[in-house]
Amino acid sequence: MLLIVNASPWGSTLAHTAMRFARAALAAGAPLAAVYFQGDGVYNAWSGRARDAGAADLAAEWASLARQHDVDLLLCSAAAARRWDDAVEAAVPGPFRPAGLAEVVERMGESARVVSF
């Protein structure tokens, strides 16, 4: 399965819902090959950004999920470049990595399901 996250970690609950969906799918035994963050979804990679006191640090949660389940975390390179001042490769925190549209389309073709939030 390929999961696509379009929403930032603030402003709506979609990014949090995507995280809960990913954890539930993995717990149920569904294979999750990658999570692709596009548009404002690339902000999910920013750990420690200003957030409400009760809000989770989604960057840390995605990183933990990636380490525990060997899931690739892919950031739309164009969206990240438009939103971050530094070069994309220098600004992207591990385990997130930039990915172009060609890689995502290839992953879609390899996936039994594509779920978008």
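Me: To how many aromatic pairs does the count come?
Reply: This is a predicted model, in which local features need pLDDT of at least 70, side-chain atom pairs count only at pLDDT 80 or more, and totals for chains, interfaces and linings use all residues. Residues are numbered from 1 along each chain as its sequence is written, and side-chain values use heavy atoms, leaving out hydrogens and water. Rings of Phe, Tyr and Trp (its six-membered ring) pair if their centres lie within 6.5 Å; planes under 30 degrees apart are stacked, over 60 edge-to-face, and the rest tilted. By this rule the count of aromatic pairs is 5.

Me: Which kind of aromatic pair do Tyr-43 and Trp-46 form?
Reply: Together with Trp-10, both residues belong to one aromatic cluster. Tyr-43 and Trp-46 are 5.2 Å apart centre to centre, with 80 degrees between the planes, and the pair is edge-to-face.

Me: Which element gives the most to the largest nonpolar core?
Reply: A nonpolar core is a set of buried Ala, Val, Leu, Ile, Met, Phe, Trp, Tyr and Cys residues joined through side-chain atoms within 4.5 Å. The largest one has 36 residues, of which Leu-3, Leu-32, Val-35 and Trp-62 touch the most other members. Helices (H or I, at least four residues) and strands (E, at least two) are DSSP runs, numbered from the N terminus. With 6 residues, the top contributor is α1.

Me: What is the bridge partner of Leu-73 in β4?
Reply: Two strands pair if DSSP finds at least two bridges between them. β3 and β4 run parallel and are joined by 4 bridges. In β4, Leu-73 has as its bridge partner Phe-96.

Me: In which order do the 5 strands form the open sheet?
Reply: The edge strands, β4 and β5 (114-116), each pair on one side only. β2 and β3 pair in the parallel sense over 4 bridges. The strand order is β4-β3-β2-β1-β5.

Me: About how many degrees does the direction of α2 make with that of β3?
Reply: Contact means heavy atoms within 4.5 Å, while axes are lines fitted to C-alpha atoms (for helices over the stretch in contact), with angles from 0 to 180 degrees between N-to-C directions. α2 packs on the sheet, touching β1, β2, β3 and β4, and the angle with β3 is about 135 degrees.

Conventions
Buried means under 20% relative accessible area, exposed over 50%, partly exposed in between (1.4 Å probe, protein chains only).
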